[in-house]
Structures are given as C-alpha cells and as structure tokens.
Amino acid sequence: MYYLGIESTAHTFGASVVDEVGKIYSNAQDVYKSVAGSGIHPREAAEHHSEVAASVLREALRDAHVSAKELSGIAVALGPGLGPCLRVGATVARSLSSYLAIPLIPVNHAIGHIEIGILTTGAIDPLVVLVSGGHTAIAAFSGGRWRIFGETEDITIGNLFDMFAREINLPSPAGQQIEKLTQNASKFIPLPYVVKGNDVSYSGLLTASLAKLRSGERLEDVCYSMQEVSCSMLAEAVERSLAYTGKKEILLTGGVAANKSLKDKLEKVAAIHTAVCHTVTSPYTGDNGAQIAWTGVLSQRAGVIAQVEDSQVRPRWRLEDVDIPWRRG
Amino acid sequence: MLTFRGVEAKLPTLIYTGAEAEIYIQEWFGEIVIRKQRVPKSYRAPMLDSNIRHMRTSHEATMLREVRKLGVAVPTVQHIDQESTSLIMDFINGRTLKEELHLISKSERRTRCRALGEILAAMHLGGVVHGDVTLSNVISQNGKLFLIDFGLGNFSKEVEARGVDLLLLNRSMRSTHYMYHAELFRSFVEGYRHVFGRKSREVFEKMGEVERRGRYFERG
C-alpha cells in the first residue's frame, strides 16, 4: 500500500511516497528561494509552488517506481503555515483524491515533524524539541495529545537566525551561514539571556545582536555569541521540561535540528539526566513530503480522513489541538 | 536522621535534581535545612554559565526576602554561599502541589487553587513576578502554600510579566492535570480576581495574547 504526502506550508513544495510500515520510497522537493535580504513572500512562494507542483509530484512517483493508480491515499499538510502556500498543496491533494477516488488525509505539519522524527530515529516516548522557522516548542505526549511544556514567547529560533541574516544580507539558509561564521569567532560577547519558566524569548537577543554589530563588534563574534546564547537558552528550557516531565528521551526535530551547536547542547542536557537525545538528520530536518505521507499513514490507520468539502486549510492549526488516536499514553 | 516521605534519611541527602540546581537536605548548626546548589552546566560556555549561576543565586535570595515582606509564605534564606553558588534555606516538609492535586478531593483542589490565586495576586500587586510558576514550585504543608524557586523572579508591575506568570501556571496545569485543568484554573482565577480586583481582567487578556503570539510565527 502506497501513500502520497504533499507538503507546502512555507517555502518547500515537497511530495513523497511511503508505505504502511514507514518505508520511504521517494522524497522530492523544490524550495522557493527568496532574494538575499528579504524573507518569504507568501504570494510569490505560492506561485513557485504552483509552478513546480506537477514536476515534483512526477518525480516523487518516478523515484518510487509507483504509478498514481497504485496509491491508497493522499496526505496533505493543511496547516499551520502560510495561507497562500497551504492552498496550493490542498488544491493539488483534493484534485488527486477525487480523480483517483482515494481518501484525502489531513495532516498537521508540526505533528509531521514529530512523527518523521520518531520514525527515523526510533524514539519511543520523547520530550520533543521542535525547532524551525515556524516553531520553537517543547512538547510531550499525554492523554491523547502532544502537550506543550515550553515555547517561545515571541519569535522562533529559526526566525532569530533568518531575521539576523536578512539584516546583514546573508544568503539563505541563514542557520548554516551563521554556523559557518561562528568557526572564526575569537570572543564571547554577553547578550540578553531570557528564560521564563520553560519558555524562551528571542526578540531582545535579536535587537541586541544587531546593535553589537553596529557598534563595531566583529560579525563572527556576534554570530557565535548569538548562537551560543540562543541555543543555551533553549537547552535550559529543555532541561527544565525534562526535569518536570521525567522523560528519558529527547527528540530534536525541525529545520534548526541541523544546527550542530544546538544538537551538541541537547546531548549534554540528556547526559546530565541519563536520557538519550535523538536528532533527526537530513533530509528530514527541513520541511519534507515524507513527514506528511507517514503521518497520513498513521492517521488513516486510526480512521482520520477528510471529506473534500471540509479540507479547508488551517493556517493557525495548533499542534496541541490535534487528537492523536494512533499513539498511546 | 530525619523522616522524609516515610523514609529515614541520612544527612546530607540529595532529594531532588532540578533543571538548574541540586536540592539537599542537611544539618546546619543543629537545624535541618535545604541547600539549593546551582551546578555548572556543560552545555553553556563557561563564562556565560558562571555569570548566570552567580547572578541567579544572589538574585533569588533578594527575591525571597522581598516576597516575604509582601506576606507570601516562602522559605527563609539563612546563608548565601557564592563560592559554591548555594543558598541555605528553611526546610519545608510538605509535598508539591503537582503531586498533591492528584491525591486530594475536588473541593480541596478548589481550595488550594483559589488560595494560590490569592497568593499570586498579592505578590503581583506588591510588584513581584515569579517567572517560573509551575505546580512543582508550590509546596503544600497540610494546605498551607509556600512558593519556592525565585531564580527567574523579578520586580515588575508590567501587565505582560504578570500575564506570563499566569500563562506558565495555566500551561503547567494543562500539561499535567489536563483531566480537570479547567476546574483548577477557574478556582485560581477566582482567588486571583478576589485579591487583585477588577483590573485582573487586563492580566488575563494579556495572558491570552502572549500565548497566541508564540504559537505559530508567520514568517514575513
């Protein structure tokens, strides 16, 4: 049984074929690139998605050696994300589902990051650290849902890196560029470290980092200090949540999971609490079709199917509002 | 020797490893006390780590002293040891509200949460925010509630900081006591409003605003 997953929540249009036991046969994608110095323009990203949709879908089927007729279901990320982008994926998925007369499976994008992480790392009952452009959240499963234990109170860690990079015209992906610059840092510059309970706040850190740069500090030193402070803050919030929940596994997932400093810090946090840190690796860190396809498989197995008429996009669909009937605990 | 949770404990004994500190029960000049030691964190750059530990240790002592003046029950600080970034404090022999709420009756739960609302409102009116309000940071000694762990506390009369306190507590209730979270928070709100007065509405509105803001950030 083959399932197709479609991802289009932000800058990535992705499609992937997986089977009912989680074997991933293909993971095709095309990423909208914004010009250096500017962020995602939702409408332009959506136009990009419309243009590449057909070829990405073809590639996903071709790589998997599966024909559209062999598909048993179409999973689509209906949110959270940018409205115009989401609508492209939803439209494609609806048409395919009615044309092929197979079920349409609604998937929450954030849950997708969690499930692909669990599938690819073998985590069982982790404290999830979801870090990306759209999320900075710490969650654990309990009573049929993922419960939020900590999160950002303003911008996400992905935003912090992106907005900093944009101000100084670094090309994307910003996180990698910043991480590269930190290698040539020579000193640590104190910057605002704001942890509130299990929450973090990054807006002050962004402002202060840019101010340091303008006051003449070296770019490499500012990048290092900003990364060190932002990742340490999150590591502390994770440690607090770990102590509070008593979980013995951490799952680091989402685009910023590719950041080595963050991974290194969370591994140290895990070691302190005799826990294990699982980190999602490329190509499943950034947004991808496989996370949607696999979550679709799990959802359909538990009876979660959408009728075309109630498959409208949900730009602000919170991860803790999603019932997870396929998971126990 | 001391009986703690039904067990004879040898002193000093490590009773809790928290996120930032280790908590010991020990003897200190013939008295049973708590030692809260902030331990170095390998995941932070050494300079950043040492700054944070020293600042929070002295800051927590200051906060505890000031909060006590507002009539809020907190452990008394007896000694600050900056060498080991430790605080020596009174030992409160009770259980956390996180544990206790699972064990008591509905009406008792209501009484506890209402009392907690009154305490937080008094503290807020006095110009202090806690910064880490969870059910683990409230100790109940036969129903008398003590607030602990003021390392992230601050002097603030800002609606936002107050709203964050309520948000943290609400989330703590929702994450570990979701079976009757609404009932717990409702009682808390009653107590808070009773002491804080009509302006408490602003604080609850701000709480909702902060929560929505962090949820899903639209990339612009």
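Helices (H or I, at least four residues) and strands (E, at least two) are DSSP runs, numbered from the N terminus. The model is predicted: local features need pLDDT of at least 70, side-chain atom pairs count only at pLDDT 80 or more, and totals for chains, interfaces and linings use all residues. Residues are numbered from 1 along each chain as its sequence is written, while chains are lettered from A and ligands numbered from 1 in the order in which they are written.

Strand β11 of chain B contains Leu147(B). Leu147(B) is buried, having 22 other C-beta atoms within 10 Å; a residue is termed buried if 20 or more other C-beta atoms lie within 10 Å of its own, exposed if 12 or fewer, and partly exposed in between, with C-beta atoms placed from the backbone. When residues up to four places away in sequence are not counted, Leu147(B) touches Val72(B), Val74(B), Ile119(B), His130(B), Asn137(B) and Val138(B) (contact: C-beta atoms, placed from the backbone, within 7 Å). From C-alpha to C-alpha, Leu147(B) lies 11 Å from Thr76(B), with 71 residues separating the two in sequence.

β11(B) belongs to an open, antiparallel sheet of 3 strands in the order β8-β10-β11 (chain B). Strands of a sheet pair through backbone hydrogen bonds, either parallel or antiparallel; pairing is assigned if DSSP finds at least two bridges between two strands. The edge strands, β8 (95-96) and β11 (144-147) of chain B, each pair on one side only. β8(B) and β10 (residues 138-141) of chain B run antiparallel and are joined by 2 bridges. In β10(B), Ser140(B) is the residue opposite Arg95(B).

Chain B is assigned domain 1 (2-90) and domain 2 (95-215), with bounds from an automatic or database domain assignment. The centres of the two domains of chain B, taken over C-alpha atoms, are 23 Å apart. Contacts between them involve 14 residues of domain 1 and 13 residues of domain 2 of chain B. On the domain 1 side, the residues divide into 8 nonpolar, 2 polar and 4 charged (Ala, Val, Leu, Ile, Met, Phe, Trp, Tyr, Cys and Pro count as nonpolar, Asp, Glu, Lys and Arg as charged, and the others, Gly among them, as polar).

Between chains, 30 residues of chain B are in contact with 38 residues of chain A. On the chain B side, the elements giving two or more residues are α1 (46-69), α4 (159-176) and α6 (200-215). The largest share, 5 residues, comes from α4(B). This side of chain B comprises 14 nonpolar, 8 polar and 8 charged residues.

In chain A, helix α3 (residues 109-121) has 13 residues and reaches 18 Å from its first C-alpha to its last, close to the 18 Å expected at 1.5 Å a residue; the expected span is 1.5 Å times one less than the number of residues. Because 12 of its 13 residues are buried, α3(A) is largely enclosed by the rest of the structure. Among them are His109(A), Glu115(A) and Thr121(A).

In α8(A), the buried residues are Leu262(A), Lys265(A), Leu266(A), Val269(A) and Ala270(A). They cover an arc of only 145 degrees around the axis, which puts them on the same side of α8(A); the arc is that of the directions from the helix axis to the C-beta atoms. Their cover includes β6 (127-131), α7 (219-245), β11 (249-253) and β12 (276-279) of chain A. Thr274(A), which follows α8(A), has a positive phi, near 45 degrees.

Methods: Contact = placed C-beta atoms within 7 Å.
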